[in-house]
2 protein chains.
Amino acid sequence: MIKVGIVGYGNLGRGVEANIKNAPDMELVGIFTRREPESIKTESPVFGLDLIYDFKGMIDVLILCGGSRTDIPEQGPMLAEYFNTVDSYDNHAQIPLYFASMDHVAQTNRTVSVIATGWDPGLFSLNRLLGEAILPKGNTYTFWGKGLSQGHGDAVRRIEGVKDAVQYTIPNEELINKINIGEEVVYDSHTAHTREVYAVLEEGADAATIENEIVTMPDYFEGYQTRVHFISEEELAANHQGLPHGGHVIRSGYTSENNHQLYDFKLQLGSNPEFTAAVNVAYARAAARLAKEGVRGAKTVFDIAPAYLSPYDADELRERLL
Amino acid sequence: MIKVGIVGYGNLGRGVEANIKNAPDMELVGIFTRREPESIKTESPVFGLDLIYDFKGMIDVLILCGGSRTDIPEQGPMLAEYFNTVDSYDNHAQIPLYFASMDHVAQTNRTVSVIATGWDPGLFSLNRLLGEAILPKGNTYTFWGKGLSQGHGDAVRRIEGVKDAVQYTIPNEELINKINIGEEVVYDSHTAHTREVYAVLEEGADAATIENEIVTMPDYFEGYQTRVHFISEEELAANHQGLPHGGHVIRSGYTSENNHQLYDFKLQLGSNPEFTAAVNVAYARAAARLAKEGVRGAKTVFDIAPAYLSPYDADELRERLL
C-alpha cells in the first residue's frame with residue numbers, strides 16, 4: 001500500500017480524502033492542518049502540521065492541498081526536503097520559478113515532487129502538448145466552463161447592495177462549433193466565454209444600478225457578454241451550492257492541405273475540487289513509484305509516463321486497455 | 001534532425017510522408033518498398049526493401065506502414081534487430097504476443113520499438129488508461145465513428161449485384177447523451193453503433209434482395225441497426241471518396257456519491273490514415289530520443305512520458321503549455 005498524507009483540509013483536502021478511499025492501493029496516514037486538529041470533522045487521523053516531520057519515513061507521498069497564492073510556494077520547498085510531494089499549484093505565470101525551486105530542493109534531498117497537477121494546469125496542459133505534437137500545423141483553443149468562477153463571484157459579492165452571488169463562466173458554443181468544422185476563428189478571452197451571474201439583492205437595493213455596476217466592472221466583466229439574474233436567497237441555496245466546472249482543450253489542425261483533423265478533450269465536472277483531487281491522487285501514485293525507482297527532482301504531467309498513474313501492472317494494461 | 005525511414009507506401013506510408021513535412025526536427029531518408037521503386041510516384045527517395053540493411057546507422061527510426069495481418073508481425077521483429085521502429089500494429093487480441101516478440105528482439109539488439117501507436121490502439125488506449133486511473137469508480141465507453149469501416153465496405157462489395165459500396169459506422173448519440181449526464185447505460189457493440197451503407201447496384205440487380213442480404217449478414221450487420229442507401233456511381237465518386245473516422249473515449253465516474261465527473265476524449269478525423277500517421281511521427285520522435293538516452297526494448301503509449309513527443313524543450317513546454 002502507498003502511504004499518503006494530506007496537508008491542508010479545505011475543499012481540495014476533503015476531495016483527496018474522498019478519492020483515496022477509491023484507490024485500491026493507497027492508505028491515508030493522516031491529515032495535517034494548521035488549525036486545531038480537534039476542530040476538524042472527519043474520521044481520518046488528524047495532526048497538527050508542526051508534527052509532520054515526525055512522520056518522515058512513514059509517508060510515501062504528501063499531497064499539498066493549500067492555496068497557490070501563499071501556502072504552496074512556502075510549504076512546497078519546506079516539505080520536499082523530507083517527503084515526496086504532489087501539488088496542484090496553479091499560478092501559471094509563476095510555474096517556471098516554482099518548478100526551479102522545487103527541483104533544487106528535491107534533487108538535493110533525493111525526493112520526487114510532482115507539481116501543478118489537476119486539470120488546468122494538469123490534464124489540460126497534457127492535451128495542449130499532445131495536440132500540438134501530433135498536429136503541428138494547427139491551433140490550440142482552451143475553453144473553460146460551464147463552471148463556477150470563485151474570483152468573479154467574490155467580486156460581485158463585494159458590491160454594495162448584493163447579499164450573495166455566484167458567477168458561471170460559459171464557453172461560447174458558437175465559436176466551438178466553428179472550430180469543430182475547421183474554420184479559423186478569432187479567439188480571445190472576451191469572445192470565447194460569456195459570464196452568467198446569479199445574485200441576491202439586499203432589501204431596497206436597486207437592481208438596474210447593480211446590474212450596471214456588474215457588467216461594467218473593469219478586469220472582471222467589462223468587455224464580456226454578461227447576463228445578470230436576480231434570484232431569491234432560497235433559489236441560490238437550492239440551485240447554486242455545487243462547485244461544477246470543466247471545459248475543452250481543442251486542437252484543430254491539418255495534416256495535409258485538405259484534411260482537417262480535430263482533437264477535442266472535454267471535462268464536465270460535478271465537483272471541481274473533487275476532480276482536481278482525483279488527479280492529484282493518481283499522480284501521487286506516480287510520485288511514490290518514481291521515488292521507489294530512484295528518480296529524483298521536480299516533475300510535471302509532461303514528464304511522467306501514463307502507466308505510472310495506474311495501479312495495474314504493464315501486462316494487464318496492455319491486454320485490457322491498449 | 002531526426003532521420004526517418006518509411007517501410008511500405010500505401011495510405012499510411014503516404015500519410016507519414018506528408019506528416020514528416022510538418023515536423024520541424026525530422027527529415028525523410030527514404031521510402032522502402034517491396035514494389036519496383038520506379039513505380040512509386042513521389043518526390044521522396046525510394047529504395048527496394050531488400051536494400052534497407054545498408055542504411056543501418058543512417059536512420060534514427062523506421063516507421064512501419066505495412067498491414068497488421070501479415071506485414072508487421074513479420075517485418076517488426078526483423079527490422080527491430082537493426083533499427084529503432086514505430087508501428088501502428090492494431091490487432092488488439094495479439095498485442096501481448098507481438099509486444100513480447102518485439103521486446104525480446106529490441107532488448108537483445110539494444111534498439112527501441114514503439115508498438116501499437118495511432119489512435120486505437122494509441123491515443124484512445126492512453127485515454128482509457130488515464131480515465132480509469134483518475135476515476136476508478138466508473139465506466140469506460142469507446143465509440144467509433146462517424147467513420148469509414150473498410151472491412152464492412154469490402155463485405156458489401158462482395159455481394160453479387162453490388163458494383164461498389166462504402167460503409168460508415170456511426171456512434172449512437174442517444175447513448176452518448178445518457179452517459180454525458182451520468183446515467184448508467186447498457187453498452188454493447190450492437191447498441192452503441194449503427195451502420196450506414198451507400199451502395200451502387202449493377203444493372204438489373206434487385207434492390208430489395210440486396211438490402212436484405214446486407215442487413216442480415218452475420219458478424220457484419222446482423223443485430224445492428226443498418227440503413228442502406230442505393231446511390232449512383234457518380235454520387236459515390238463525388239461524396240464518398242474520403243477516409244474520415246474518429247470517435248470518443250468516455251470515462252463516466254463518481255468521485256463521491258453525488259458528484260458525477262465526465263472525461264471525454266474525441267477525435268473527428270478528415271483522414272484516418274493521415275492522422276494515424278501523425279501519431280506515428282510524434283512517437284517516432286519519442287523513439288529516437290529514448291534510444292539516444294540508452295533506453296531499450298518495446299514500448300507502448302503507456303510507457304512514454306508526453307514530453308518526448310514534442311520537439312520543444314522542457315523549459316519552453318512548462319512556460320508555454322503547462
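Please keep in mind throughout that the model is predicted.

Begin on the surface by selecting A:E160, A:E202, A:E203 and A:E213, which gather there in a patch of negative charge. A:E203 has a relative accessible area of 84%, and because exposed means over 50%, A:E203 counts as exposed.

Next, stay in chain A and select A:N180, which belongs to helix α6 (residues 173–180). This residue is buried, with a relative accessible area of 13%. If you set aside the neighbours within four places in sequence, the residues in contact with A:N180 are A:H260, A:L262 and A:D264, together with B:K266 and B:Q268.

Now move to chain B and select B:N280 in helix α10 (residues 272–292). B:N280 is buried, its relative accessible area being 0%. Beyond the neighbours within four places in sequence, its contacts include B:D87, B:S88, B:T117 and B:G118, and also B:I63.

Finish with B:I63, which lies in strand β4 (residues 61–64) of chain B and is likewise buried, at 0% relative accessibility. Leaving out residues up to four places away in sequence, B:I63 touches several others, among them B:V4, B:G5, B:V86, B:N280 and B:A284.

Technical notes
Residues are numbered from 1 along each chain as its sequence is written. Chains are lettered from A and ligands numbered from 1 in the order in which they are written. This is a predicted model: local features need pLDDT of at least 70, side-chain atom pairs count only at pLDDT 80 or more; totals for chains, interfaces and linings use all residues. Side-chain values use heavy atoms; hydrogens and water are left out. Patches are made of residues with over 30% relative accessible area and no salt bridge: like charges are joined within 9 Å, nonpolar side chains (Val, Leu, Ile, Met, Phe, Trp, Tyr) within 5 Å. Accessible areas come from the Shrake-Rupley method with a 1.4 Å probe; for residues, only the protein chains shown count as cover. A salt bridge is a side-chain nitrogen of Lys or Arg within 4 Å of a carboxyl oxygen of Asp or Glu. Lys and Arg count as positive and Asp and Glu as negative; His and the chain ends are not counted. The place of a charge is taken as NZ of Lys, CZ of Arg, CG of Asp or CD of Glu. Buried means under 20% relative accessible area, exposed over 50%, partly exposed in between (1.4 Å probe, protein chains only). Helices (H or I, at least four residues) and strands (E, at least two) are DSSP runs, numbered from the N terminus. Contact means heavy atoms within 4.5 Å.
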